[in-house]
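Colleague: Could you take me closely through one part of this model, beginning with a single residue and working outwards to its surroundings?

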Amino acid sequence: MSVNPEEIINKVEFGTSRLQGRIEAINKMCEAGYKVGILIAPVILVENWKELYKNLIEYLYNNLSEKVKKEVFFEVIFMTYSYVHKMINSEAFPMAINLYNKDIMTGRGKGKYMYKKDIREDGEIFIRETMKKFFPNNKIEYVV
């Protein structure tokens, strides 16, 4: 199950379930005996991203069932960007925020971009430290 801060859901993930609905589904799946993992993705480095993702992780801690908190594993994926996505999304979702930021992104191939190495590393450190604070006994399978 993927999650993101409500602000990102509202500005980028149009037509998807709200965060609270996703949390309720995770809790129900775990109660039904399914192994649950939470994918925090795509991590999008907007202006106040650290506050948004800290609040998201704290929200997860406060709203996941005790059983989920005991068993859940995490995965984290930072956003990559391409001009093809921009063209498709700007036509389909004209109110979406612009995800490309030349100041913090670098080329990754023809028309593809990712966060610069130092920016991305800072993001990973922040996410891992915040996760450890709220979910010290849960495994993060990967951060990419």
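Modeller: Let us begin with Pro-42, which lies in strand E2 (strands are DSSP runs of E, at least two residues, and helices are runs of H or I, at least four, all numbered from the N terminus). This is a predicted model, in which local features need pLDDT of at least 70 and side-chain atom pairs 80 or more, while totals for chains, interfaces and linings use all residues. Residues are numbered from 1 along each chain as its sequence is written, and side-chain values use heavy atoms, without hydrogens and water.

Most peptide bonds are trans. The peptide bond from Ala-41 to Pro-42, however, is cis, and its omega is near -15 degrees.

Four strands, in the order E1-E2-E3-E7, form an open sheet with parallel pairing (two strands pair if DSSP finds at least two bridges between them). Strand E1 (2-3) and E7 are the edge strands of this sheet, and each of them pairs on one side only. Strand E2, residues 37-43, is joined to E3 by 5 bridges, and the two are paired in the parallel sense.

Val-76 stands opposite Val-143 in E7. E3 and strand E7, which covers residues 140-143, run parallel and are joined by 3 bridges.

Two helices complete the view. Helix H2 covers residues 19-31; at 1.5 Å a residue its 13 residues should span 18 Å, and the end C-alpha atoms lie 19 Å apart, which agrees (the expected span is 1.5 Å times one less than the number of residues). Leu-19, Arg-22, Ile-23, Ile-26, Asn-27 and Cys-30 of H2 are buried (buried means under 20% relative accessible area, exposed over 50%, partly exposed in between, with a 1.4 Å probe and protein chains only). Because these residues cover an arc of only 135 degrees around the axis, they are on the same side of H2 (the arc is taken from the directions from the helix axis to the C-beta atoms). The face of H2 turned away from that buried side carries Lys-28 and Glu-31, which are exposed.

Helix H6 (residues 117-134) can be read in a similar manner. Its 18 residues should span 26 Å at 1.5 Å a residue, and its end C-alpha atoms are 26 Å apart, which agrees. Arg-120, Gly-123, Glu-124, Phe-126, Ile-127, Thr-130, Met-131 and Phe-134 are buried in H6. Their arc around the axis is only 165 degrees, which means that they lie on the same side of H6. Lys-117, Asp-118, Glu-129, Lys-132 and Lys-133 are exposed on the other side of H6. An α-helix has 3.6 residues a turn, so residues three or four places apart point the same way.
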